[in-house]
Amino acid sequence: MTAVTALARYAPRYRLEIGEPEGPEWLRVDRILELDGPELTELLKRDDDASGHVSAHANALSLMSFYAGRAPAAALLLWALEGHVLDVRPHNLWVKPHDGHGLAAVAIRSADYLPGGLETLYDVVLRQHLLPLSAELHRRTRAGLRQVHGGVAAGCAMAFCAATREEEAIEPAYLLERWQTFVAKAPAGLARLGDVTQAGGKLVYLRQTCCLYYTSEAGNGTLCGSCCLTPRDERLAAYEAGRPIITV
């Protein structure tokens, strides 16, 4: 099974478009990372327009959670499945913003593998991509780095959790072991910001930080299912029962 076939089968939500995309709606990731660059300004504005955040701080946390859960997800899942590292270095990756909240699509110039294993994955997903983005969001909005990194951890975890929820789901115990391997030595102390566990036959992520989405107009007081503001046992019970989480 090829990398692209595996991805489409086990997590179609993480399908990649192959080839350099055309059109002004596509944003190249290395330009998103530029200091005061217009591409990140555009992403923040779209998320704020769609969600109605109470502050720039909350806007940054919301953006990081959805961005980290989509842009590098293919590389994380393919590493978990095959042990190879997809070349998702920032200059090789594009994202297309959704009309509102989130990303509509991700494109890669060519679906090539990079030599190396976990350290290479840390380098291309975290050190070259999500951690510099965290630093720029912190610089622009004064959002606390621990909270922003909480969004990084939650987004990375979703690449592992989502593949247990599809029609052709991957065995949760296998992906849990792969997540634990990934997060154990991940930079920025991601292992301390939440944990993945099984509930209701699937993998779920339990955060130790809050993205503040419930404070937005779109959030309307609803806590995310993984939110640290809900006691752990209540989150697990809700996941086990398939119930929506409580509102505040």
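Student: Which helix do Asp-49 and Lys-45 both lie in, and how many residues apart are they?
Tutor: Helix α3, four residues apart, about one turn of the helix. Helices here are DSSP runs of H or I with at least four residues, strands are E runs of at least two, and both are numbered from the N terminus. This is a predicted model: local features need pLDDT of at least 70, side-chain atom pairs count only at pLDDT 80 or more, and totals for chains, interfaces and linings use all residues. Residues are numbered from 1 along each chain as its sequence is written, and side-chain values use heavy atoms, with hydrogens and water left out.

Student: What do Asp-49 and Lys-45 form?
Tutor: A salt bridge, with the closest N and O atoms 2.7 Å apart. The term means a side-chain nitrogen of Lys or Arg within 4 Å of a carboxyl oxygen of Asp or Glu.

Student: Is Asp-49 buried or exposed?
Tutor: Exposed, at a relative accessible area of 54%. The cut-offs are under 20% for buried, over 50% for exposed, and partly exposed in between (1.4 Å probe, protein chains only).

Student: What about Glu-42 and Arg-46?
Tutor: Their side chains meet in a salt bridge at 2.8 Å, N to O. Both lie in α3, residues 38-51, again four residues apart. Glu-42 is partly exposed at 30%, and Arg-46 is partly exposed at 26%.

Student: Why does that spacing work?
Tutor: An α-helix has 3.6 residues a turn, so residues three or four places apart point the same way.

Student: How many salt bridges does the structure hold?
Tutor: Ten. One of them joins Glu-136 to Arg-139, with the closest N and O atoms 2.9 Å apart. These two are three residues apart in α6, residues 118-141. Glu-136 is buried at 2% relative accessibility, while Arg-139 is partly exposed at 42%.

Student: Which residues are linked in a network with that pair?
Tutor: Asp-36 and Arg-140 are linked with Glu-136 and Arg-139 in a network of salt bridges.

Student: New topic. In what order do the strands sit in the sheet?
Tutor: β1-β5-β4-β2, an open sheet of four strands with mixed pairing. β1 (17-18) and β2 (27-28) stand at the edges with a single partner each, so one side of each has no neighbour in the sheet. Pairing takes at least two DSSP bridges between two strands.

Student: How do β1 and β5 pair?
Tutor: In the parallel sense, over two bridges. Glu-17 stands opposite Ala-107 in β5.

Student: Last one. How many residues of α4 are buried?
Tutor: Eleven of the 13, so α4 is largely enclosed by the rest of the structure. Among them are Leu-61, Met-64 and Phe-66.
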